[in-house]
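User: I am new to this structure and would like to learn how to read its features. Please take me through them one at a time.

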Amino acid sequence: MDVSYIINELAEDRAAYFNAVAPPIIQTSNFAFNKVEDLSRAFEDEMSGYLYSRGINPTVDILRRKLAALDGAEDALVFNSGAAAIFAAVLANVKAGDHIVSVKNPYTWAWKMFDQVLPRFGVTTTYVDGTDANNFFTATRPETRLYYLESPNSWTYELQDLPVIADYAKAHQIVTIVDNSYCTPLYQQPIAMGIDISLQSATKFISGHSDVVAGVISGSAAMMKKIFDSEYLNIGSGIQPFNAWLLLRGLRTLPARLERVTQSTCLVVAALKKEAKVERLIFPLDPDFPQYALAKKMMKGAGGLLTIVYKANTREEIVQFCERLKHILMAVSWGGYESLVIPKCAGIPAKDFDPGQESHRMIRLYIGLEDPEYLLADLRQAMEA
Ligand SMILES: *Cc1c(COP(=O)(O)O)cnc(C)c1O
């Protein structure tokens with residue numbers, strides 16, 4: 001399906017709402033019925049129609065159908081956060097006694113779920129270096145039910161060979177989930193590679209305006225129904241209509257924003273590699289990236305996030321660089337219009353800072369929609385001061 005068609009037309013029944021170009025926000029909790037028989041049908045299968053907005057809502061439905069189509073999936077579910085999407089997708093596919101193999105250092109709240117929540121219910125997780133697919137296979141036990149992947153991750157951009165892992169998992173009845181937030185479906189299509197569930201934090205590129213927290217999962221209609229009937233309705237973490245509407249608005253410009261971010265990132269990567277204070281630069285589509293060949297094979301593009309290893313002997317030098325930036329904001333998250341910086345050392349107690357460890361000197365940048373020369377000037381004055 002054409003991306004332009006999905007974004008501009010798919011699921012938009014404009015005649016049903018006064019031919020308005022922008023879809024309505026159907027801000028209602030419940031829906032009324034004329035016939036008891038119709039109400040009975042809705043009770044039986046809440047996914048089949050409008051009953052109550054913790055389940056299906058018309059504004060959310062437009063978004064859901066577009067996001068599913070962008071992923072090349074049969075269906076999708078949209079959540080009130082990326083973390084909620086991860087939680088529902090994982091929880092729906094494990095029970096007491098089951099085992100998960102996860103890529104090491106997954107997104108913080110995936111890791112906290114594996115380490116702190118799931119063990120209380122008898123589900124255990126083994127972490128593996130995902131750069132070698134064999135590590136997943138050798139860590140697999142008879143009770144392994146799930147592989148959790150994140151490719152690339154959002155700090156050091158390690159990849160997993162998705163088609164190879166998906167093939168093995170299918171042969172062993174293991175469900176695969178990949179966090180595709182970095183690429184979005186425009187740059188990577190996990191479902192076409194055989195992955196069961198693709199997920200994104202829609203807070204990032206889908207929203208694009210740093211004003212919504214949301215998440216999405218996509219996959220087969222059967223898998224989405226299974227998750228809808230249990231975790232989606234039970235946890236009640238579905239997205240609200242107004243936030244869904246903001247994401248629909250974000251989607252309209254997703255390809256244009258991604259294109260701009262990608263071009264600017266290329267310019268910034270090339271310029272920063274020449275800077276004396278940059279010891280190493282990590283970006284998946286940089287030819288020096290260790291998994292460059294795999295990145296080229298799986299990804300159509302990359303942009304936004306990149307990480308530099310800053311040449312510094314003290315934590316103070318990194319602090320000064322970050323605090324001297326005049327236009328680039330220091331904040332978590334990414335994917336919005338505004339450029340961001342975040343130093344790894346902010347999460348390390350000052351007394352433990354060790355300049356001998358490369359990871360302690362990592363600084364992540366997100367390149368937004370500003371003029372790249374404006375951003376480079378800001379970065380240079382902060383490095384030179
Ligand atoms: C932000 C993020 C998440 C979590 O999404 P929220 O919308 O913040 O809950 C998950 N994975 C990655 C890679 C992220 O960057």
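Analyst: Start with how helices are named: a helix is a DSSP run of H or I with at least four residues, numbered from the N terminus. By that rule, Thr-184 belongs to helix H8, which covers residues 184–187. Keep in mind that this is a predicted model.

User: What is phi of Thr-184 near, and is Thr-184 buried or exposed?

Analyst: Most residues other than glycine have a negative phi. Thr-184 has a positive phi, near 60°, although this residue is not glycine. Buried means under 20% relative accessible area. Thr-184 has a relative accessible area of 1%, so it is buried.

User: Which loop holds Gln-173, and is Gln-173 buried or exposed?

Analyst: Gln-173 sits in the loop that runs between H7 and strand E5 (175–179). Its phi is also positive, near 50°, again in a residue other than glycine. A residue counts as exposed over 50%. With a relative accessible area of 64%, Gln-173 is therefore exposed.

User: Is the peptide bond from Ser-151 to Pro-152 cis or trans?

Analyst: Most peptide bonds are trans. The bond from Ser-151 to Pro-152 is cis, with omega near -10°. Pro-152 is placed in the loop between strand E4 (144–150) and helix H7 (162–171), and Ser-151 lies in the loop between E4 and H7. Ser-151 has 0% relative accessibility, so it counts as buried. Leaving aside residues up to four places away in sequence, Ser-151 touches a list of residues including Glu-158, Leu-162, Val-178, Asp-179, Gln-188 and Met-298.

User: How many residues does helix H10 have, and how far does it reach?

Analyst: Helix H10 (residues 241–252) has twelve residues. From first C-alpha to last it reaches 17 Å, close to the 16 Å expected at 1.5 Å a residue.

User: Which residues of H10 are buried, and what covers them?

Analyst: An α-helix has 3.6 residues a turn, so residues three or four places apart point the same way. In H10 the buried residues are Pro-241, Asn-243, Ala-244, Leu-246, Leu-247, Leu-248, Gly-250 and Leu-251. Their cover includes helix H1 (3–8), helix H3 (58–71), strand E1 (75–79) and helix H11 (254–272).

User: How is the protein divided into domains?

Analyst: There are domain 1 (3–252) and domain 2 (254–384). Their centres, taken over C-alpha atoms, are separated by 28 Å. In the contact between them, 34 residues of domain 1 meet 38 residues of domain 2.

User: Which residues does His-327 touch?

Analyst: Not counting residues up to four places away in sequence, His-327 touches Tyr-374 and Asp-378. His-327 is in the loop between helix H13 (315–324) and strand E10 (329–330), and at 36% relative accessibility it counts as partly exposed.

Terms used. Residues numbered from 1 in each chain as written. Predicted model: local features only at pLDDT ≥ 70, side-chain atom pairs only at ≥ 80, totals over all residues. Heavy atoms only, no water. Helix = DSSP H or I, 4+ residues; strand = E, 2+ residues; numbered from the N terminus. Expected span 1.5 Å × (residues − 1). Buried < 20%, exposed > 50% of the residue type's maximum accessible area, 1.4 Å probe, protein only. Contact = heavy atoms within 4.5 Å. Domains from an automatic or database assignment.
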